[in-house]
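Please read the following note with the sequence and the model side by side.

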Amino acid sequence: MADDAVATTEREVLTWAELGEVTDHLARQIADSGFRPDVVVAIARGGLVLAGSITYALDVKLVDAINVEFYLDVNETRPDPILLAPMLDSESIADQKILLVDDVADSGRTLALVLKLLRGFGADVRSAVLYTKPRSIVTPDFSWRHTDAWITFPWSANPPIVRRSDHG
């Protein structure tokens, strides 16, 4: 990660130690709303850890993931988010109550893409994120915190042990 690119920028740091409390807070919001998802869908990769935790907190047995690539590096994105294979089993999620989970609604473009896709299958979809940024074009249904800072998540705080480019 280009740490120097964000060294002078305000940061929001979430630690592994805080994650359990944060997950409980977000799961309580969802439970208190009365929404009872049949399926939790994570936006990979950032939403995977949170989605897994939420499935336990809300006692949801069915979990899936959708692969979307938007960020390439710190402050570097593709022009538009793109869906990557493998895709969701659209027949099994049609007409289900789905909780879509990601780590952050930054621009909101990834959430918007996946919400449109899932709703196109006839699903009743709500979204949950840890952080919402003020510039997001989507207002998630559930969010733990609002920030404009760069966020360091515990699962991406350290550089990769092996980089894919190292594989040749």
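1. Basis of the note. This is a predicted model, in which local features need pLDDT of at least 70 and side-chain atom pairs count only at pLDDT 80 or more, whereas totals for chains, interfaces and linings use all residues. Residues are numbered from 1 along each chain as its sequence is written, and side-chain values use heavy atoms, with hydrogens and water left out.

2. Strand β6. Helices (H or I, at least four residues) and strands (E, at least two) are DSSP runs, numbered from the N terminus.

3. Partners of β6. Two strands pair if DSSP finds at least two bridges between them. Strand β5 (residues 97-105) runs parallel to β6 and is joined to it by 8 bridges; Lys97 has Asp124 of β6 as its bridge partner. Strand β7 (residues 142-146) also pairs with β6 in the parallel sense, over 4 bridges, and Phe142 of β7 is the bridge partner of Ala128.

4. The β-α-β unit. Together, β5, helix α5 (residues 109-120) and β6 form a right-handed β-α-β unit. Right-handed means that, with the strands pointing away from the viewer, the path from the first strand over the helix to the second runs clockwise.

5. Packing of two helices. Helix α2 (residues 16-33) packs against helix α3 (residues 48-57) at an angle of about 55°, and their axes are 9 Å apart. Axes are lines fitted to C-alpha atoms, for helices over the stretch in contact, and angles run from 0 to 180 degrees between N-to-C directions. The angle makes α2 oblique to α3; angles under 35 degrees count as roughly parallel, over 145 as roughly antiparallel, 65 to 115 as roughly perpendicular and the rest as oblique. Residues making the contact (heavy atoms within 4.5 Å) include Trp16 and Leu19 of α2 and Val49 and Leu50 of α3.

6. Thr55. This residue lies in helix α3. Thr55 counts as buried, at 8% relative accessibility. Apart from neighbours within four places in sequence, Thr55 is in contact with Val40, Val60 and Val63.

7. His146. Pro134 is 12 residues from His146 in sequence, and their C-alpha atoms are 7.3 Å apart in space.

Definitions and conventions: Buried < 20%, exposed > 50% of the residue type's maximum accessible area, 1.4 Å probe, protein only.
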